[in-house]
Amino acid sequence: MKHISIVGKFFIIMAVFGVMALGLTFYQSRQMLKVNDSYQELLDKDASAALRLTQSNRSLEIARASISDMVMTRSKEARARAEFGLNDARENFVRFMDLAIAAVPEQSELPKLKADGFSVLTDTCGAAIAVGRGATSEAELAMVQQLYLTLCQPAFAAISPRFTSVTEKLASDAEQKRADVSSVVRDTSVLSLGTAIAALFAVSCFGFLAIRAWLVKPIKQMVTTMKVIADGVSRERFAATRSDRWPGQYRSSRTTN
């Protein structure tokens with residue numbers, strides 16, 4: 001450092017400060033990308049799966065209502081509309097469950113929930129649907145209604161809370177991930193601000209000491225040296241002046257001394 005010019009030394013200080021600022025910017029960018037990826041994953045996975053599960057559960061409720069219409073109505077047209085609604089609800093249930101499973105494949109409960117829900121629509125309620133499709137007499141209607149009340153209704157009542165439980169779990173996981181992302185953002189902001197303040201303080205202190213060492217101190221030394229030189233020149237001029245005016249006296253005094 002002793003053989004580096006003052007301009008070079010200040011350039012080194014600015015370069016160090018620039019490297020620190022670049023490192024801080026890189027850290028912030030990496031953390032922001034991490035936050036963005038986390039939020040994107042949150043939207044694409046947990047939130048999407050919770051939404052699809054809600055839609056699947058709603059499709060089950062529509063299917064239950066359609067089966068109920070089939071076993072209660074005596075009109076063939078109304079029964080045909082109810083069966084059309086049942087088939088549409090069944091297709092939507094399978095589609096929404098497949099989307100939920102694709103969003104969170106690590107959730108092992110979802111495939112089983114899909115299989116159980118589909119079984120309710122096809123197997124458990126199959127007899128009531130089959131009988132209700134062609135029921136015409138009061139006895140047949142009474143039988144299909146009994147099948148619905150003893151088989152279908154309890155099955156729907158049992159599976160609905162399972163959908164609610166899994167949906168709440170996904171929502172809870174999503175909330176935890178959201179809290180983790182918020183914590184990362186908060187920590188990044190605090191660390192970035194603290195680092196920036198510390199870097200500014202360090203550069204200011206180092207710059208102050210550098211100016212004192214590289215400028216103020218040399219200038220003071222130069223001033224002191226100039227004063228010494230000036231004092232020496234003044235004494236020589238004074239001695240020369242006395243020698244010119246009183247040469248004998250000046251010599252005798254020098255000899256005596």
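**Salt bridges, disulfide and nonpolar core**

Lys114 has a relative accessible area of 24% and therefore counts as partly exposed (buried, under 20%; exposed, over 50%; partly exposed, in between; 1.4 Å probe, protein chains only). The model is predicted, with local features requiring pLDDT of at least 70 and side-chain atom pairs pLDDT 80 or more, whereas totals for chains, interfaces and linings use all residues. Residues are numbered from 1 along each chain as its sequence is written, and side-chain values use heavy atoms, without hydrogens or water.

Lys114 is paired with Asp98 in a salt bridge, with an N to O distance of 2.6 Å (side-chain nitrogen of Lys or Arg within 4 Å of a carboxyl oxygen of Asp or Glu). Asp98 belongs to helix α2 and Lys114 to helix α3, so this pair ties together parts that are 16 residues apart in sequence (helices are DSSP runs of H or I, at least four residues, numbered from the N terminus). Asp98 is also partly exposed, its relative accessibility being 35%.

In total, six salt bridges were counted. One of these joins Arg133 and Glu83, whose closest N and O atoms are 2.7 Å apart. Because Arg133 is located in helix α4 and Glu83 in helix α2, the bridge ties together parts that are 50 residues apart in sequence. Arg133 has 43% relative accessibility and is classed as partly exposed.

A further salt bridge is formed by the side chains of Glu109 and Arg162, at 3.4 Å from N to O. Glu109 is placed in helix α3 and Arg162 in helix α5, so parts that are 53 residues apart in sequence are tied together by this pair. Both partners fall in the partly exposed class: the relative accessible area is 30% for Glu109 and 26% for Arg162. The pair is part of a network of salt bridges that links Glu109, Lys112, Asp116 and Arg162.

The model contains one disulfide (cysteine sulfur atoms within 2.5 Å). The bond is formed by Cys125 and Cys152, with a distance of 2.2 Å between the sulfur atoms. Cys125 is buried, at 0% relative accessibility. Cys152 likewise counts as buried, with a relative accessible area of 0%.

The largest nonpolar core comprises 32 residues, and those with the most contacts inside it are Leu53, Ile67, Phe156 and Phe163 (buried Ala, Val, Leu, Ile, Met, Phe, Trp, Tyr and Cys joined through side-chain atoms within 4.5 Å). At least two residues of this core are supplied by each of α1, α2 (76-103), α3, α4 and α5. Helix α5 makes the greatest contribution to the core, giving nine residues.

When residues up to four places away in sequence are left out, Ile67 is in contact with Leu86, Cys125, Ile129, Tyr148, Cys152 and Phe156 (heavy atoms within 4.5 Å).
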